[in-house]
Amino acid sequence: MELHLHDKVELKKEHPCGSKTWEVLRVGMDIKLRCLGCGHELMLPRSKVEKSIRKILTEEGEK
């Protein structure tokens, strides 16, 4: 799975605020995500993020 900076992704599990959509803020061994519903940010290992992504909604090249 190819993730890029500022991609919007939909996760399988809903955030407590009700949103499933997140923006990628950092890509590396860890991925930093921002919830587009409430603005909460978190950093998770790449392997965990890749397992929890349902689909990539926008990619950097499409803008």
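## Cysteine residues

Cys 35, by contrast, is buried, at 1% relative accessibility.

The model is predicted: local features need pLDDT of at least 70 and side-chain atom pairs count only at pLDDT 80 or more, while totals for chains, interfaces and linings use all residues. Residues are numbered from 1 along each chain as its sequence is written, and side-chain values use heavy atoms, with hydrogens and water left out.

Zero disulfides (pairs of cysteine sulfur atoms within 2.5 Å) are found in a search of the whole structure. The cysteine sulfur closest to that of Cys 17 belongs to Cys 35 and lies 3.5 Å away, which is too far for a bond.

## Strand β3 and its two faces

Strands here are DSSP runs of E with at least two residues, numbered from the N terminus. Strand β3 covers residues 30-35. In a regular strand, side chains alternate between the two faces of the sheet.

Strands pair if DSSP finds at least two bridges between them. β3 pairs with β2 (residues 21-26) in the antiparallel sense over four bridges, and Arg 34 is the bridge partner of Glu 23. Three residues separate β2 and β3 in their hairpin.

β3 and β4 (residues 41-45) also run antiparallel, joined by five bridges, with Leu 42 of β4 as the bridge partner of Leu 33. Their hairpin has five residues between the strands, and Gly 39 takes a positive phi near 90° there.

Key: Buried means under 20% relative accessible area, exposed over 50%, partly exposed in between (1.4 Å probe, protein chains only).
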